[in-house]
Amino acid sequence: MSISPILVITGASKGIGFKTALKFLGLGYRVINLSRTPAPHDDIENYQIDLTQPDAEAEIKSFVDTHLKKTKICLVHNAAMLLNDTAQGTDSASFKDVLNLNVVAPHILNQHIIPFMSEDSSIIYIGSTLSEKAVSNAYSYIVSKHAIIGMMKACCQDLAGTGIHTSCICPGFTDTEMLRQHVGESVDSLAKLSTFGRIISPSEIANTIEFAALNPVINGAVLHANLGQVES
Ligand SMILES: NC(=O)c1ccc[n+]([C@@H]2O[C@H](COP(=O)([O-])OP(=O)(O)OC[C@H]3O[C@@H](n4cnc5c(N)ncnc54)[C@H](OP(=O)(O)O)[C@@H]3O)[C@@H](O)[C@H]2O)c1
């Protein structure tokens with residue numbers, strides 16, 4: 001009996017991650033979510049974990065050894081933290097928390113999951129428009145989202161010949177809790193910053209993640225999914 005392909009995704013309890021999990025369930029994947037709270041769907045296997053904690057690596061190793069077999073895997077590094085912080089005002093403890101979730105956790109997951117990936121597997125990083133540009137008041141997030149592009153590109157080179165492909169999807173303003181918490185009530189005013197005059201839906205980003213995962217020709221690539229940002 002053949003083993004189903006597996007989606008391992010971080011942060012699928014809500015937002016872009018949840019819509020991506022639903023999409024892959026529809027494709028017949030077994031879906032495993034890693035986040036602090038569970039995804040609200042019976043067919044998603046939830047592994048509850050705080051990826052900022054020092055014991056996260058030991059927990060991930062134990063989860064992988066118990067739950068994975070060598071098969072086609074799509075690993076999506078989606079969970080992230082966005083703080084309102086600045087270069088001059090960020091203490092090292094909160095800076096480390098952001099890097100632990102946004103950069104170190106993807107590295108740990110890669111280390112432990114790549115050995116279980118057969119050919120046709122993929123690693124999809126979720127970056128941001130802020131992976132390639134900077135604004136004020138999002139210092140640690142911008143540092144981490146730039147780093148993710150470097151990790152994706154280095155992965156592509158180191159995985160040459162394995163049949164595993166990788167890419168970084170960079171969403172623009174997408175209607176999720178993260179965006180609403182960051183900008184507050186002014187979220188709708190962000191619509192004018194897209195050439196389509198609207199905010200992106202999480203399903204549109206999920207569709208883009210699916211496209212990147214299913215097409216190995218997209219390898220080592222950065223894909224911006226932002227409806228065309230209006231440049232000032
Ligand atoms: N929304 C946007 O406008 C936008 C724009 C550009 C890029 N992005 C990127 O898109 C990705 C998804 O963001 P989103 O907008 O969908 O955010 P979201 O709705 O706030 O979801 C964030 C997810 O990360 C998980 N998470 C947060 N802290 C965690 C921790 N310590 N340990 C484990 N899981 C944790 C959350 O689950 P729990 O709370 O259950 O742990 C949640 O499932 C992120 O990489 C983000 O940077 C979003």
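**Exercise 1. Cavities**

Task: State the volume of the second largest cavity and identify its lining.

Solution. The second largest cavity has a volume of about 40 Å³. Here a cavity is a set of points, on a 1 Å grid over the protein atoms alone, where a 1.4 Å probe fits but cannot get out; lining residues have an atom within 4 Å of a point. Grid points are joined across faces, edges and corners, and a volume is the space filled by probe spheres set on the points.

The model is predicted: local features need pLDDT of at least 70 and side-chain atom pairs count only at pLDDT 80 or more, while totals for chains, interfaces and linings use all residues. Residues are numbered from 1 along each chain as its sequence is written, and side-chain values use heavy atoms, with hydrogens and water left out.

The lining of the second largest cavity consists of Thr10, His77, Asn78, Ala79, Asn102, Pro106, Ile126, Lys145 and Ile148. Helix 3 and helix 4 are the elements that give two or more residues to this lining. Helices (H or I, at least four residues) and strands (E, at least two) are DSSP runs, numbered from the N terminus. By class, the lining of the second largest cavity comprises 4 nonpolar, 4 polar and 1 charged residues. In this scheme Ala, Val, Leu, Ile, Met, Phe, Trp, Tyr, Cys and Pro count as nonpolar, Asp, Glu, Lys and Arg as charged, and the others, Gly among them, as polar.

Next, the whole structure holds 2 cavities of 30 Å³ or more. The largest cavity contains about 50 Å³ of space, and its lining includes Gly172, Phe173, Arg198 and Asn226.

**Exercise 2. The largest pocket**

Task: Which element gives the most to the lining of the largest pocket?

Solution. A pocket is an open set of grid points with protein on both sides within 12 Å along at least five of seven lines. About 1,300 Å³ of space lies in the largest pocket. Its lining has 49 residues, and Ala80, Leu82, Tyr141, Met178 and Leu179 lie nearest the centre. At least two lining residues come from each of helix 1, strand 2, helix 4 (139–158) and helix 5 (177–183). Helix 5 gives the most, with 6 residues. The lining of the largest pocket divides into 23 nonpolar, 20 polar and 6 charged residues.

**Exercise 3. The sheet and its helices**

Solution. The chain has 6 helices and 7 strands.

As one instance of pairing, strand 5 (residues 122–126) and strand 6 (residues 165–171) run in the parallel sense over 5 bridges. Serine 122 has histidine 165 of strand 6 as its bridge partner.

Conventions: Pairing = 2+ DSSP bridges.
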